[in-house]
Amino acid sequence: MELIFPSIHRLVEQSFKLAECPRWDWRTESWLWVDIPSGTLYRYRNNHIEQQSWSEPLGCVAMQGDTGFILAFKSGIYFLETFNAERQCIAPLQSSAPRMRFNDGRATPGSRFMAGTRNGEKQGDKGQFYLLHHDATMEPLPFFAWTCNGLAFSPCGTNVYWADTSESKIYKANYHVQNGIMGESALFADLSEHRGRPDGAAVDNKGGYWVAMYAGSQILRLSPQGRVTHQIAIPATNPTMIAFGGEHYDEMLVTTAADQYADGQVLKLTELGWQGISEPLVDVNDF
């Protein structure tokens with residue numbers, strides 16, 4: 001395993017309880033992220049930070065069309081026409097578990113939206129991934145975990161990765177871009193021998209899978225064959241997710257969660273020596 005020593009600094013001085021889901025919005029050349037417990041969406045561009053909050057936990061964000069966004073809350077999936085617009089419900093989350101909420105999610109190749117849930121109570125139903133199709137129907141997928149995480153797609157779009165955080169395992173399945181059909185999951189990597197647990201992830205332009213190791217103060221890169229090849233030490237106990245971005249996709253944003261010693265942060269990494277890929281747009285209508 002090779003160590004990487006990038007330049008690391010805080011993107012903003014603001015602190016967070018559970019910062020998550022960083023995204024590079026190439027439409028406006030801005031960084032996005034959420035703070036889950038406060039239900040807040042953030043946007044940072046031109047050294048200015050904007051935010052909008054709602055009264056329920058917000059798990060993740062994706063980009064929709066020219067100006068819009070898809071948001072996955074505790075209660076379901078919503079649409080924003082612009083950053084400051086009122087939200088519109090697309091698909092409610094059908095669950096009787098009191099601590100079930102949407103967690104990790106992103107746009108898919110082929111312009112759908114995929115997101116997984118988390119059951120913080122760890123009793124009853126496990127969390128599950130769902131696929132939101134173009135016609136706003138939501139399909140439950142046979143991918144289950146108490147905390148569904150680590151969602152990412154290969155550069156060619158034909159493979160999907162997801163993580164079972166509590167088991168420290170990452171899975172891989174085939175994905176059909178045109179119709180959104182998922183294949184059967186197979187074990188991609190078991191990270192139980194590494195510090196921390198797999199949380200949010202991204203892929204680079206060589207097909208490598210980068211995953212934030214919650215409670216492990218590190219980010220790991222896995223080869224397309226599932227072997228750990230590189231490691232970045234993070235100056236925070238709980239990195240939650242990463243995103244490539246910037247003009248050349250050679251920067252990385254890392255969100256972190258608070259621990260007993262420090263609040264959550266949003267960190268920017270440069271001089272990585274790696275490049276990511278652009279995030280697709282979601283195309284959902286008829287809701």
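**View 1. F5 sits in a loop between two strands.** F5 lies in the loop between strand 1 (2-4) and strand 2 (7-10). Strands (E, at least two residues) are DSSP runs, numbered from the N terminus. This is a predicted model: local features need pLDDT of at least 70, side-chain atom pairs count only at pLDDT 80 or more, and totals for chains, interfaces and linings use all residues. Residues are numbered from 1 along each chain as its sequence is written, and side-chain values use heavy atoms, with hydrogens and water left out. Is F5 buried or exposed? F5 counts as exposed, because its relative accessibility is 67%. Exposed means over 50% relative accessible area, buried under 20%, and partly exposed in between (1.4 Å probe, protein chains only).

**View 2. The largest nonpolar core has 38 residues.** Those with the most contacts inside this core are L41, V61, I70, L71, I77, I90 and F113. Several strands each supply at least two residues of the core, including strand 7 (58-64), strand 8 (68-73) and strand 12 (113-119). A nonpolar core is a set of buried Ala, Val, Leu, Ile, Met, Phe, Trp, Tyr and Cys residues joined through side-chain atoms within 4.5 Å. In soluble globular proteins, nonpolar side chains tend to be buried together. Leaving aside neighbours within four places in sequence, L41 is in contact (heavy atoms within 4.5 Å) with residues including W33, W54, V61, L71 and F83.

**View 3. Strand 12 holds F113 and G116.** F113 counts as buried because its relative accessibility is 0%. G116, also at 0%, counts as buried too. Not counting residues up to four places away in sequence, G116 touches R101, F102, N103, D104, Q128, F129 and C148. G116 and A145 are 29 residues apart in sequence and 8.9 Å apart in space, C-alpha to C-alpha. F113 and E193 are 80 residues apart in sequence and 32 Å apart in space, again C-alpha to C-alpha.

**View 4. Strand 17 pairs with strand 16 and with strand 18.** Two strands pair if DSSP finds at least two bridges between them. Strand 16 (residues 159-164) and strand 17 (residues 169-174) run antiparallel, joined by 6 bridges. Their hairpin has 4 residues between the strands, and S168 takes a positive phi near 55° there. Strand 17 and strand 18 (residues 186-190) also run antiparallel, with 4 bridges. Which residue is the bridge partner of Y161 in strand 17? The partner is K172. K172 also stands opposite A186 in strand 18.
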